[in-house]
Amino acid sequence: MLRQSIAGLVLGEGTISNYSMWSAGEPNGDGQCVRSFNGSWYDESCAPFSHLCVFNASALSITHCVIIQYTNITCYWKTADQHLNISSYRLQINKTSCESKHSFISVGDCNTVGSNCSVQPIDSALHCFCADVLASTHSGSIRSPLYNFNGISAVKLPPPQIKDLKPSESPGCLQVIWRMTESIPTNEKCNILLQAEYTTHNQTQSQTIEAFSKKTWEICKLHPGSKYTVRFRAQDKRAHTHWSSWTSVDTTTPEKAPSAAPRLWRLIEPAEEAGKRRLTLLWKPVSWPEVSGVVLSYSASCHSDLDSSQWTCGSINASRRFCILTISDDPCHCSLTATNSAGTSPPAHISIPAHMDTKFPPPQTISATPLDDTRLKVEWTVALNQSESGFVVQWTAVPYTEPDSLHWEHMNKTARGFILTGLRPEVPYNLSVMSLYGRKAGSGLSIVAFTREGAPSVGPNITVVTTSSSGVVLKWDPVPLEKRHSLIRNYTVLYSINGKSATVDTCDEHTSLIGLIEGTYNICVMAHTAVGGAVGPCQMVVVGLEDVQVIPILLCALLLCFLILIIPVCMRMRIKRCLCPTVPDPSKSSLSIWSNTKPCQHKLPSLSPMSSIISVGQTSTYQDYGEKDYVPVQVFAYHTLPHDNNETETKIYNSTSAITYQDPKLTPAQAFPTHFLNQSYTKPDQVIPAVREEDPQPSSDDLLFDSLFSHKSNQADLCGYIHVSQSYAPVIMTVDAYRSLDLDECPHFLQVLPEDTST
C-alpha cells in the first residue's frame, strides 16, 4: 500500500496539518501492521478502508470506552474543530486476544450524530478491544486514531440495590442491607468495592469498604433527629476509573432532646397603662445539630425580682418567633425553652432591668456604611474600662410595624462590626447596638441609615405661627421617615407675590420672613436630600393687616352664620306654638260618638206660625266660682212634645241633671216644651247645687243661649239642633209652660253621667 505524507491538506474551508493520507485500494493479504504517526499499531483487518481517509488526532479522538458486563460497549469522543461540518459518525469496535493482539474480530458498529454510541451485545469483557470513529463531512471523511483498551479495565458495574435502611442498636448509627442486581462470580467478589455517601445540611461524609466483606453495613457518627440522604455505588477495583451509578434513599435518625437553649432577646416599649411596660420576647431556633430533631413548641415566662408576680405566654407554636407580655416597671427575669418529641431543651435566660434603669452604658459611637443596595456595614466603639460580655446588633425598617420585622444578632465581646444583608434601597433602617453584661443588656445607641439614598416622596406641611405688618413666622413638620428615602440635608422656603418669588435656605424646621410688603403671599417649603428634593403643600398668607388674622375672622363669621341659622331651627316648635295655638279637635270629644239618626220626630197638630224663645239666665243663687273658674255646660239634645194639661211643674236639679221649666201662661198649641240635658264640671271643694229662680224679664246680658227656633211647618224637627257652650251654673227657663219628657221616652238622647257626690 502506498503511503504519502504531506504537510497539510485543505478540506473544505479549513486547513489541517500533520496528517498521513492513505490512497484508496484493496488491502494486501500479508496482514502487515502499519504504524501511524501517533505510534498506534494496527493491521488491515482492524481498520479496513475503502475510500480516502485522513487521520487527525487533534480534530477527532476517542476519550474513553465503558463496558457494561454482558450488555454493551459505549465509547465517547470529542471534535476539536467545529468548522468541519460533520454530518454523522460511525463507531467501529473490534476485539482480539490480550496475549497475541494480532487477529481482530469485529464486535459491531453503530451510527450516530452525537458524541457517543453503544455497540451491543457483548459476550464478555475478558478481551482486548480497539475502536475508531469515522466522521463524514461534505468534503470527505475523517477517521480518529485507534483507541486500544483492555476490557476488564473498562467495566462499569450496575448500581447496587438498597433493601433496607433502619436505625441500629448503636447510638447515632444506621444499618444498611443491600445486594447487587446481578450475580457476581465467587472468584470476582473480592474485586468489588462498595462506597457509601451520606449527606445532611450540606455536610457530606463517605465510606468505602469491600462489598462482600460482611452481610450488613453500619454507617455511624450521625447526628440525632437529622434527615440524611444515603447513596451507594459499586466498582470493580480493576477498573478504578469507573464507578456504577448512585442508588440513593432518604432517612431520618431518631430524635433526642435539644442539647442547647434557643437564643433569646427582648424589646421593651412603654405600655398604655401607667406603671406597665410592653415586653416583646424574641428568639431564634436552636441551631443544628444541637436541636436534635424537630421543635414542636416553645414555652416563655417572666418572673418579678421583687415579688411573686409572674407573666407567661404558655405553649407557643413552633412557627412563631416572639411573645408579647405586659409587665410591671419592676426588674424581672425571663426564660424560654424549646420542646421536641424526645424532650425539652435547657432554658435560655434574660434579665429585664427596672424602668429608667441606666446602670449599664451603651457603646461610645456607632456608624453605618453602605456596601451596595442590599448591604450595610455597622461599626461601633466602646470605652476601654468597660467589661462587656458581648453585643447585640438590632435593626428594623422604619416605621416599626410588628415583631417579625425586627432583626437582631448576638456578637462576641471582641466584635466591633457587623454586615447587615437583605436590605432594600431607599428604605430607612433604625440600627442599634447594645452591650451585654452577662444576662443583662445596657442602653442602646441608635442611628438611621440607608443602603442607597433617594429624593423625598413628599414635602413638609407648613404652619403659620404669627404674622405682622412686614413679616411672618413659619414652622413645619418634618417629613415622615418612611417617605424621606434619605437624610434631610436642608430646607428651602419658597414664597411669591404678584409674580415675584424668592427663596430662603435653612437647616431648622422653622424660620421668620421679614421685610415683606403688604399683600397675599403663596408660601411653600422644600425638603432636600443628597439626591433631590420635594415641595410640600403651599399656603396663602396675608401680610400687612396689623396682626389681624384672616382665618380667625373667617372662622368667627362662619360661626356667627351657623348660630343665626341654627337658632330658628331649634326654636321653631316654640314659635309655632305661639303663632298657632292648639285648637281642640271636636272629633276627639264625647260628641263624636252621637248618632246622626233622627228617631225623635213627632207629628204635631196644625198650628199657626209662632216663635219660642229659650233663654238661660243667671240669678243671685248661682254657684259662686272665681272669675276664671268656669263650669262647662253641654246641651246634648232637646225635643218638643205637646202637653195635655195646664199644670205647672217646677223641678230643681243639681249640676248634672236635666232641668225643665214650664210656663203656665201658654197653651199647648202655641209653644214648644224643651228638654235639656246638661253636664257640668265643678271644683270638688266648691259644689253648690243649682236652683231655679224665676226671672220674668231677663236682660240680654244674662242670656247664654241666644237662639230662635221658628216653627213653619206642621211637623217640628228639632233633633238636629245642637248648641254647645260654657257658662256658670245655669238656671234654665222657658217662656212657655210645657211638661218635661221622661227619661225613658227618648233613651238614645241620654248620656249617663257620673253622679255628683260633692253635695
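The torsion about the S-S bond of Cys-173 and Cys-220 is about 115°, so this disulfide is right-handed. The structure is a predicted model. The sulfur atoms of Cys-173 and Cys-220 are 2.1 Å apart. Cys-173 sits in the loop between β14 (161-167) and β15 (174-179), and Cys-220 in the loop between β18 (217-219) and β19 (227-236); the bond therefore ties together parts that are 47 residues apart in sequence. Cys-173 is buried, at 7% relative accessibility. Cys-220 is partly exposed, at 26%.

A search of the whole structure finds 7 disulfides. One of them links Cys-302 to Cys-334, with an S to S distance of 2.0 Å. Its torsion is about 105°, so this disulfide is right-handed. Cys-302 belongs to strand β23 (residues 297-304) and Cys-334 to strand β26 (residues 332-340), so the pair ties together parts 32 residues apart in sequence. Both cysteines are buried. Another disulfide joins Cys-110 to Cys-117 at 1.9 Å. Cys-110 and Cys-117 are both buried.

Ser-61 has Lys-78 in β7 as its bridge partner.

Thr-247 lies in strand β20 (residues 247-252). Its relative accessibility is 19%; buried means under 20%, so Thr-247 counts as buried. The Thr-247 side chain reaches the backbone oxygen of Pro-160 at 2.6 Å. Residues touched by Thr-247 include Pro-159, Ile-162, Val-230 and Phe-232.

Methods:
Residues numbered from 1 in each chain as written. Predicted model: local features only at pLDDT ≥ 70, side-chain atom pairs only at ≥ 80, totals over all residues. Heavy atoms only, no water. Helix = DSSP H or I, 4+ residues; strand = E, 2+ residues; numbered from the N terminus. Buried < 20%, exposed > 50% of the residue type's maximum accessible area, 1.4 Å probe, protein only. Polar contact = N/O pair within 3.5 Å; in protein donor to acceptor, adjacent residues only side chain to side chain. Contact = heavy atoms within 4.5 Å. Pairing = 2+ DSSP bridges. Disulfide = S-S within 2.5 Å. Lists of a residue's contacts leave out its neighbours within four places in sequence.
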